[in-house]
Amino acid sequence: SANQREFLPKPPNDITDSNNPPKKGAKIEVYGFVGWICSYSLFVLYLLWAYLPDHILHQLGITYYPNKYWAIATPTFLVFSALMGFYLYMAINFIITEPLDSFFTIQDPHSKESDQTDLRKYNNEESIPPITDIPITVVNRYLYPPQLKGHHKRSHSYPVVSNNPL
């Protein structure tokens, strides 16, 4: 109908239309494709250099190339560097982690305390409360519930935690 045609986009009159410049995504796709072709070409050249004997490379007219030692040393160095990067990342995290008895494991400058009145607004199953730190008093209340008088403390007590955050 006529009403539906008003909302449909109009096709460009010409591909080189000055009002419709080429999209940025098309350039990125071309760069990605060229990068993919170049990486595969370089990998094939690397394999030819690594596996072809020297006399065949000389017959092809290729006389200036690195020593075959580097065909093994470079990938080994790259794999070793990647593995050491993972270990270095873990080591840095261990170094900057606070000790377990530090106050900063409970609260730090980035802590966001929850406002109890704010949490009551989200106390239904359809809403998601904002991300905040749980106050240590609430954590202690759930982990260490008060013991009833006359009952002996069990050696392993597992508190039942409800879905209610208050």
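Colleague: Hi! What does the secondary structure of the protein chain come to?

Modeller: The protein chain has six helices and zero strands. Helices (H or I, at least four residues) and strands (E, at least two) are DSSP runs, numbered from the N terminus. This is a predicted model, where local features need pLDDT of at least 70, side-chain atom pairs count only at pLDDT 80 or more, and totals for chains, interfaces and linings use all residues. Residues are numbered from 1 along each chain as its sequence is written, and side-chain values use heavy atoms, with hydrogens and water left out.

Colleague: What is the mean pLDDT of the chain?

Modeller: The mean pLDDT of the protein chain is 78, and 66% of its residues reach 70 or more. That score is the predictor's confidence in each residue, from 0 to 100.

Colleague: And which elements have the lowest and highest mean?

Modeller: Helix H5 (residues 116-121) has the lowest mean pLDDT, 57, while H4 has the highest, 96.

Colleague: New topic: what share of the residues is buried?

Modeller: Of the 166 residues in the protein chain, 5% are buried. Buried means under 20% relative accessible area, exposed means over 50%, and partly exposed is in between (1.4 Å probe, protein chains only).

Colleague: Which residues form the nonpolar patch on the surface?

Modeller: Val79, Phe80, Leu83, Met84, Phe86, Tyr87, Tyr89, Met90 and Phe94, with about 1100 Å² of accessible area together. Such areas come from the Shrake-Rupley method with a 1.4 Å probe; for residues, only the protein chains shown count as cover. Like charges are joined within 9 Å, and nonpolar side chains (Val, Leu, Ile, Met, Phe, Trp, Tyr) within 5 Å.

Colleague: Where does Met90 lie?

Modeller: In helix H4, which covers residues 69-96. Met90 is partly exposed, at 42% relative accessible area.

Colleague: How many aromatic pairs are there?

Modeller: Five. Rings of Phe, Tyr and Trp (its six-membered ring) pair if their centres lie within 6.5 Å; planes under 30 degrees apart count as stacked, over 60 as edge-to-face and the rest as tilted.

Colleague: Why is the pair of Tyr69 and Trp70 edge-to-face?

Modeller: Because their planes are at 75°, with the ring centres 5.0 Å apart. Tyr69 is exposed at 52%, and Trp70 is partly exposed at 46%.

Methods
Patch = residues over 30% accessible without salt bridge, like charges linked within 9 Å, V, L, I, M, F, W, Y side chains within 5 Å. Salt bridge = Lys/Arg side-chain N within 4 Å of Asp/Glu carboxyl O.
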